[in-house]
Amino acid sequence: MTTPQAVTAAEMMAARELRAARQRQLQQRYPGCAVSLTLNVPGEIKLAPDYRYAFDEGCAAIERQLRRRHFSCGAAEYYEENCGYHALWPVAGEALQLKQALLTVEDEHPLGRLFDIDVLTEQGRPVSRTESGHAPRLCLLCERPAHLCVRARTHSLPQLLARITQLIGAYRREQQAARVMAAAGRALFYELAVTPKPGLVDRADSGAHTDMDFFTFIDSGGTLLPWFTRMFYRGYDEARLTPEQCFARLRYLGMEAEDAMLAATGGVNTHKGLLFSLGLLCAAAGRLLATDGDGADSNALLDTAAAMAAAPLQRELAALDESTARSGGERLYVQAGGGARAEAASGFATVRRYGLPALQKRLDEGRSLNDAGALTLLDLLAHSGDSNIFARGGRQAQQRITAQAAELARREPPPALAELTELNRQFIAERLSPGGSADLLAITFFVHFMQDRR
């Protein structure tokens, strides 16, 4: 981005002339209407990360509205200069209808008061709000017409800038919370839907489980989604705390979510381990946003989760011995290392080293998310030392299944799905279910979806 500098009144006048010239040139190349977007931001600084974010959101909102109203739109032209951001679109259609459609964006979008959207007729004349039957724009800080407050200098520049920062920050947080919940939901339900998954509930059968089925997992996943949003907000709102303090504040929320899950499933534990891990990652995404990240960088997301959880979890794990270990994960850690808490403390090293590369490799080969997920599960099972296998079959079974999965994961070309279906029959006969690896597959999906900006 251009280094921002204070803009003088003379420079702003020159910028307006330059923008008008660009609009004329655009309409010479593409006869018809033109749409122009700039930002309504006061002060001498017109370039800033928050302003760029708002500008990008405005561009996206305009293009969505044009599609909704079936206007034919040409490719946009974007400009970034010291005097601010500018976008231009050639659009076919009747100018007044176009103006009315885009006034909806100005009036209804959460950041709409920052958008200055001009519609120019084929002759280059701007269409006014009043011509379209709309009232003048309102002030950012009060309900009076904005031009009256500007003329009377009713509000100070610091007041206006603080309000703009608050508007953009609140909108950005809500958008990221929605993105995180969507990624968490997709991760839960993609992991469930991947078929075949040896020993696990999928679309074909319930694997080695007799107390749960596909719909039990849907009930559980649907119940947990709002809790993942709360965990995101907890990470965001408490970013002022140390990472370890934030993690401590997260755990009670996790217990409440677990109670909600058990109520939805009639007491069946469908997602306890994944709730812990995915909740931590949702909180890490919130913390990242509050500290100038957005969760799209997988390393930053996993590193933030590790910074929050590593120290307290390592203390807990170090205190375990044969007499105090209760869960399969705890017993596995005492005997061989591993388990959900060890994974979280490592920043989900198995996901980082094996899950994400394996998933990307299979997608790059042109496989569907289902088939790529099924093969990625093998890689995760081969490297995770699955705690559920350990809990159900003991150390010997866990080592045997890990070696079997490793042999299949190394094979090129990879095994056909029919072989995984046969492996499912083996796991059902032995009553083995790699639930720990399934959780890691869901985490792999979550991190993958967080990197996808579509």
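Predicted model: local features only at pLDDT ≥ 70, side-chain atom pairs only at ≥ 80, totals over all residues.

Colleague: What makes the lining of the largest cavity nonpolar, polar or charged by class?

Modeller: Ala, Leu and Pro count as nonpolar. The tally for the lining is 7 nonpolar, no polar and no charged residues. The space inside is about 40 Å³.

Colleague: Why is the contact between E80 and R52 called a salt bridge?

Modeller: The cut-off is 4 Å between the side-chain nitrogen and the carboxyl oxygen. E80 and R52 have N to O at 2.8 Å, so the pair counts as a salt bridge. It links distant parts of the chain, with E80 in strand β3 (residues 77–81) and R52 in helix α2 (residues 49–68), 28 residues apart.

Colleague: And E238 with R249: how do you know which of them is buried or partly exposed?

Modeller: Buried means under 20% relative accessible area. E238 has 7%, so it counts as buried. R249 comes out at 43%, which lies between 20% and 50%, so it is partly exposed. Their closest N and O atoms are 3.1 Å apart, in a salt bridge.

Colleague: Why do you say that R341 and E316 tie parts of the chain together?

Modeller: R341 sits in helix α11 (residues 340–345) and E316 in helix α9 (residues 298–318), so their pairing joins parts 25 residues apart in sequence. The closest N and O atoms of this salt bridge are 2.9 Å apart.

Terms used
Residues numbered from 1 in each chain as written. Heavy atoms only, no water. 1 Å grid on protein atoms, 1.4 Å probe; cavity = no way out; pocket = protein on both sides within 12 Å on 5 of 7 lines; lining within 4 Å. Points joined across faces, edges and corners; volume = space filled by probe spheres on them. Helix = DSSP H or I, 4+ residues; strand = E, 2+ residues; numbered from the N terminus. Buried < 20%, exposed > 50% of the residue type's maximum accessible area, 1.4 Å probe, protein only.
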